[in-house]
Amino acid sequence: MNGDASSEPIRITDHPAAIEAATRIAAEARRALWIRSLDLEGWLFDHPDFLAAMRGFATSGRDVQVQVLLHDAAAPQAAHAKLLALAQRLPSVFQFREVDDPVYREERVALVANDAGGYYVRTQGDRVEGVAAFDSRARVRQLQQRFEEIWERSRPVTEYRALGI
């Protein structure tokens, strides 16, 4: 995945490529990461490489933010998702919301995107297949606008606060 044309989208078809792409996006983020997921799929968000990149970003000392938009906020809690444990230790960095508008819930899109132009999008959020790019600021702006539209119409996940998040 380390070709010169990092602005050209690449097809992601398996877990190793997906983990590599998401990890790179987290590692290359400057100040913001956006995550949209059905339920913080363990194969990706619990992977040690991804978690290490997230920890590095979240503890970089910069004023950073991670916004996580979920379709099912109860599932990661029940599964003891490792990303929640990290977020619990860094509550000023992580924000969680749950999609509750039926129109948006029909969209099964999942994504990891950063403010440096990196993204990995899965149109079917319960599948690994998707596209990624690492230097595509225009596409990230589009994804971010849609993310923010849904974010503003989603509910804060207050049950995580009981966990100290």
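## An aromatic cluster

Phe 94, Phe 96 and Tyr 160 are joined into a cluster by ring pairs. Rings of Phe, Tyr and Trp (its six-membered ring) pair if their centres lie within 6.5 Å; planes under 30 degrees apart are stacked, those over 60 edge-to-face and the rest tilted. The structure is a predicted model, in which local features need pLDDT of at least 70 and side-chain atom pairs count only at pLDDT 80 or more, while totals for chains, interfaces and linings use all residues. Residues are numbered from 1 along each chain as its sequence is written, and side-chain values use heavy atoms, with hydrogens and water left out.

## The ring pairs

There are four aromatic pairs in the structure. The pair of Phe 94 and Phe 96 is stacked, because the ring centres lie 6.4 Å apart and the planes meet at 15°. Phe 94 has a relative accessible area of 3% and is therefore buried (under 20%; exposed is over 50%, partly exposed in between; 1.4 Å probe, protein chains only). Phe 96 is likewise buried, at 8%.

Phe 96 and Tyr 160 form an edge-to-face pair, since their centres are 5.0 Å apart and their planes stand at 80°. This pair links distant parts of the chain, 64 residues apart: Phe 96 belongs to strand E4 (residues 94-98), and Tyr 160 to the segment after strand E8 (155-156). Strands (E, at least two residues) are DSSP runs, numbered from the N terminus. Tyr 160 is buried, with a relative accessible area of 0%.

Notes:
Helix = DSSP H or I, 4+ residues; strand = E, 2+ residues; numbered from the N terminus.
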